[in-house]
Amino acid sequence: MTQPSSTATEAADNQPSPAARQLLRTSATPLADAVLKVARRDIASFHALPLSHGRSISNSPTREAYEALFGTAQLAADVSYSGTMLDSFFRPRGPLRDAQRLAAETFGADMTLFLSAGTSTANRVALAALTRPGSRVLADRSCHQSVHFALGSLAVDVDYTRMRRCCDDCPRTFADLPCLLDAFAKAAASGRPYDTVVLSAVSYDGVRYDLPTLFRAMAEIHPTVSVLVDEAWGAIHRFHPTLRPLTALHAVRELKLTDPHLPMTVAVTHSAHKSMSALRQGSYLHLVGDRETQERTAQALFQHHTTSPSFPVLASLDLARAQAETEGEALLDRSLFLARTLSTEIETDPRLSAYRLLGPKNHLTDPSLLVADDPTRVLVDIAGLGVTTADFRRLLFDDYGLYVARESGSAVLFHVHIGVDEATMLRLLDALRTIQRTYRTASAALTQGTADHFIIAYPPGIPITVPGERMCDRTLDELNALRTSGSEIYTLYQPQTAQLSTAGLE
Ligand SMILES: Cc1ncc(COP(=O)(O)O)c(C=O)c1O
């Protein structure tokens, strides 16, 4: 029987590029290799995944959309083989085991598990493994919802720590760590120590915990404690000398160098997809702990992970580790440089004077708080622009093709991850300048009392003020009402020549 031609084309499309071949040569990627090997073959499955290799859509009008969205390579790599055909997800003995061992070595763990269901699941697995019914848990209030839900479903006794806010001016929140240590010490002194501590050590907002100090203190007070460190946002930090020292796996290894028999167990969860070149939902669960805890963690994975793991996601975890090992430091050098560039431009360029940098110069400098700034994050207050943060995000997305996920009060956060290059940073700076030019004059007029420009809300597109007109209470109310009802506010500071990108104003 001859092969369907579409499958032959897919096989040709799946040949690695010269750059991919170079990467495979310089750093072993056993799982990615194995997935590629089966993806290249014309294997027809009588198990599941009719979509694999695009078979179920070979004569379908939907094929074009599938291929446009996923490409033939992804359709070929999405496979459901298990056992010795590829590997068993829950009891790996082949390429998945080898890939996980390589990751454990690279990150400095005793064991690493790959998950294709995100760190939400990794946190649940880790907590199920670390705790037992009746365990006393001290949890960081700022943890992700997955931690709170997991703790709620386990028969454990949870106490939460108090939260701190960075300062009145800066919306970042984090656990009151001196207070956490105090509660930990008091519980131990009273004879009812905490069995497990949960920390959210790398926040999205750019707060990192001083884990070496925290671990040292906990080890002195109650050395058999187990700690779950959610480092969802910090997987890549391992790969740069300025970021590595505060990471959990580095901190516990350093501690175990001075005391090799320290019984402390540390589980660390990493959303690789947030900071490394891994596909969405790719997550690592690392463990520094004895054989029994390793076995409990494997059991917990069996109980909580989907039985249909995504092999493309798992293979991407293998590739992401290999890339970070070989190129991580250089990529992070670029991120750190670009984050500094963004901060410096905002501080010094008058065309960006409506933006205000929050941290790191003025905040989180007190070492007794046991926190530090994440230099890949730039938090910017945009109150001076006169647009809401929601409108600002929408503008960046619609008009400049730039996406910012987080807003907090009048601040937005730029995560300068390893996918942000020089051209992207220039595009962002350009967008920020243009937005300031367009919007700032509107808010200046509001504070000055006299409009020296047109201010137009669209819809309806009729000027609220014309140059020279006084800004009275009624005008302000009108402007606010239109803004609240969803109108966009435009300022034309050179009405004869202004070019608005939005049609329909005339
Ligand atoms: C601190 C923290 N932990 C865990 C998660 C969940 O990670 P995932 O999206 O990989 O499930 C998130 C998600 O944003 C997070 O911010």
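**Ligand and largest pocket**

Colleague: Where does the ligand sit?

Modeller: The ligand sits in the largest pocket, meaning that more than half of its atoms lie within 2 Å of the pocket's grid points. This is a predicted model, where local features need pLDDT of at least 70 and side-chain atom pairs count only at pLDDT 80 or more, while totals for chains, interfaces and linings use all residues. Residues are numbered from 1 along each chain as its sequence is written, and side-chain values use heavy atoms, without hydrogens and water.

Colleague: Which residues are around the ligand?

Modeller: G118, T119, S120, N123, H144, S200, D230, A232, W233, S271, H273 and K274, each with a heavy atom within 4 Å.

Colleague: Which element gives the most to that shell?

Modeller: α6, with four residues. The elements giving two or more are α6 and α11.

Colleague: How much of the ligand's accessible area does the protein cover?

Modeller: 80% of the 390 Å² that the ligand has on its own, by the Shrake-Rupley method with a 1.4 Å probe.

Colleague: Switching to the pocket, what is its volume?

Modeller: The largest pocket has about 1,200 Å³, taken as the space filled by probe spheres set on the grid points. A pocket here is an open set of points on a 1 Å grid over the protein atoms alone, where a 1.4 Å probe fits, with protein on both sides within 12 Å along at least five of seven lines; lining residues have an atom within 4 Å of a point.

Colleague: How many residues line the largest pocket?

Modeller: 45, with Y204, W233, K274, A405 and H415 nearest its centre.
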